[in-house]
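Open your viewer and get ready to select a few residues at a time. We will go from stop to stop together.

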Amino acid sequence: MLDWGVADSSMRASHSSRTAAPVFTITNYNVDNSSGTGITGNNRHVTSGGTSHAPDTKDQLTSRERSPPVTTEALDTASRTTPAVDGQTMWSPPPSSPTPGLLMVVQVQLQMTWTEFCHSRPAFYLELVEILRQDGQQSHVSTDQIRLMDQEGVKCARQQGETSSQQQEEISGLQQEAAAIVVRLYLVNKSERYDSYLTVVCAQVMKQGFQVRDTSFFKNKLVDVQLQQLPVPDPALATPATSADNTDPMKEKNDDNADELINEPGVTIAVVIAAVGGACCVTLIVMQVVLRRRYRRDLRRMVVSRSYSVSSVDSIALAAVSKSRPSSGLFNPALDVTPDQAKPSHVLGATELINFSLDLTKIFEEFVLIPNKTPRLSVVPPGAEDKNRFANVLPIPETRVELSKRPGDAVSSYINANFVTGYGHQKKRYIATQAPLEGTLEDLWRMVWEQRCPAIAMLVNIVEDGHVKFAPYVPESVGPESSVTFGEFCVTMTRRDVHQEYITSWLELQSKKTGERRSLHHFWLTCWPASGRVEPISLVRFVLDIRPAYQDVTEPLLVHCSTGTGRTGTLLALDVCMRQFEERRCVDVMGCVHDLRQERAGCVQTNQQYALLYSALQEYVTIVSSPGISAASSATTLHAMLP
């Protein structure tokens with residue numbers, strides 16, 4: 001089914017009036033960024049029944065006269081190169097219209113079923129828009145400008161009860177096809193008119209754009225991308241819009257009506273006033289920006305020789321940053337949050353939360369609106385740089401945990417850990433920290449001892465993706481013979497219970513200086529891979545299982561993953577939001593993550609972790625909202641309701 005808007009009805013009327021199956025000419029253009037031209041093409045005849053045959057000499061002449069293909073030379077004329085991702089270049093066609101009566105579409109071959117594509121379509125749209133926006137000329141593109149031709153296949157998961165038996169058989173065949181599916185799409189401008197320029201650009205940048213995105217779900221799913229040209233029975237109904245239509249929608253209006261409006265005195269006066277007012281507004285904005293920059297420069301003289309983002313912690317080793325003082329730092333001006341900025345918030349009730357958790361696009365859009373602090377390297381005491389696992393994961397000074405100072409050791413009080421406030425403004429309810437290094441093992445146990453932590457929640461495996469993520473700090477087996485010593489502390493495991501998704505250990509911590517012994521729990525979540533996703537219900541069950549170990553005391557629960565930001569922040573946000581819903585029957589995930597980032601930079605590191613947080617809350621809200629469950633129900637009662 002061709003989804004052209006008004007052109008669709010005209011095409012159906014034209015087809016229904018014919019007695020024989022019409023023959024269309026389809027031109028496929030292979031997208032190849034490695035060549036000089038970037039596009040090659042071939043023609044074939046296709047009947048409405050879906051069969052194809054190679055045209056003879058007479059047919060070839062007729063097809064050329066009826067629908068001449070867009071040649072490589074024509075597209076290459078006035079071509080330009082634009083920078084693409086990772087410093088590579090991509091060929092972009094000139095903003096010229098294709099042959100009249102022909103419509104260009106992008107044919108994408110994906111190694112997946114239609115059912116998989118249906119569920120991942122919002123994420124596909126979002127990534128495709130991000131790829132298009134890499135080109136500075138396409139910064140205005142949004143997901144609602146993407147149109148699919150094969151609507152029957154896209155809606156396969158939602159039309160089982162609405163389609164006829166014949167259509168259901170066709171859809172079932174699409175879903176069972178294991179090799180690949182073919183999706184055809186095109187782009188429209190802001191005025192909902194077909195845009196050939198954007199469609200060609202999309203075909204050029206799509207394949208390479210997905211290939212360079214290491215975390216993309218579609219990187220290995222994308223098989224091929226081709227530019228296809230289809231004839232339209234009535235070219236006047238599908239006249240493609242030029243690139244100018246993207247920025248000037250008024251060109252669609254009737255010229256006579258426009259002239260009448262311009263000649264009206266009132267309209268002329270309004271235009272003049274609007275122009276003067278706009279110029280004044282622009283002047284005021286420029287003055288404000290200049291004054292603000294001048295004010296910030298006077299407050300702090302900052303030389304940003306290298307800027308890092310919290311989102312790339314696994315790629316920035318500590319050695320990548322100079323330790324010279326005071327100019328070296330990790331300050332990102334784009335993330336500088338002033339105190340007068342309003343706190344982001346999105347309060348949702350039970351029904352609203354369940355509905356919102358199903359819309360991945362809206363979740364991702366909300367995630368990018370949450371600001372984040374980025375501490376500078378100058379917050380680290382001189383000589384303590386090597387106590388940080390990553391150069392861009394540093395503790396916020398205002399909430400950093402301070403260890404007791406030791407004589408003769410200037411950096412003995414430093415550890416990469418922050419206090420985090422719990423629900424109901426409970427100060428120092430949690431400690432978020434990085435996994436220990438070989439040189440910080442004793443510091444970790446000093447912090448546990450001095451803060452009297454009743455339990456430790458570990459969210460990382462010792463080896464992940466073939467790399468050792470941290471230095472082991474817990475005995476491997478039960479018994480005094482397996483005890484390990486870290487500085488002045490001796491750690492002994494007295495009991496160990498292995499569950500399906502986590503391991504619980506009972507530890508005894510002894511100070512060799514005073515001889516005092518203390519007991520604490522160690523919870524190790526083993527089902528959360530670094531590059532994967534844990535089941536939402538498993539995360540809810542883990543939160544409820546560890547609550548009895550610390551909920552009756554005021555000392556903080558210690559939580560860590562590798563960086564102490566991504567998985568750690570997700571678990572803390574889930575616990576806070578679950579408690580918020582238990583008491584108020586509503587939840588503010590956006591506001592919660594914002595508050596966590598004010599105390600531990602980078603909490604909830606990726607949009608996938610943010611989506612996981614919503615999914616886990618949706619599971620929990622569904623259980624708590626069941627009849628017979630009250631807000632005062634204990635963790636044991638709530639855990640019994642889990643599947």
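Predicted model: local features only at pLDDT ≥ 70, side-chain atom pairs only at ≥ 80, totals over all residues.

Residues are numbered from 1 along each chain as its sequence is written, and side-chain values use heavy atoms, with hydrogens and water left out.

**Stop 1: the cores.** Select Phe542, Leu574, Val589, Tyr610 and Leu617: these have the most contacts inside the largest nonpolar core, which has 57 residues. A nonpolar core is a set of buried Ala, Val, Leu, Ile, Met, Phe, Trp, Tyr and Cys residues joined through side-chain atoms within 4.5 Å; buried means under 20% relative accessible area (1.4 Å probe, protein chains only). Now show helix α16, residues 607-624, which gives the most to this core, with 10 residues. Helices here are DSSP runs of H or I with at least four residues, and strands are runs of E with at least two, numbered from the N terminus.

Another core, of 41 residues, lies apart from it; Leu128, Tyr197, Val200 and Val205 are among them.

**Stop 2: the strands.** Select β16 (residues 484-486) and β17 (residues 489-498), which pair antiparallel over 3 bridges. Strands pair if DSSP finds at least two bridges between them. Find Thr485, which stands opposite Cys490 in β17. The hairpin of β16 and β17 has 2 residues between the strands, and Gly487 in the turn has a positive phi of about 65 degrees.

Val498 stands opposite Ile503 in β18, and 3 residues link β17 to β18 in a hairpin.

Notes
Buried < 20%, exposed > 50% of the residue type's maximum accessible area, 1.4 Å probe, protein only.
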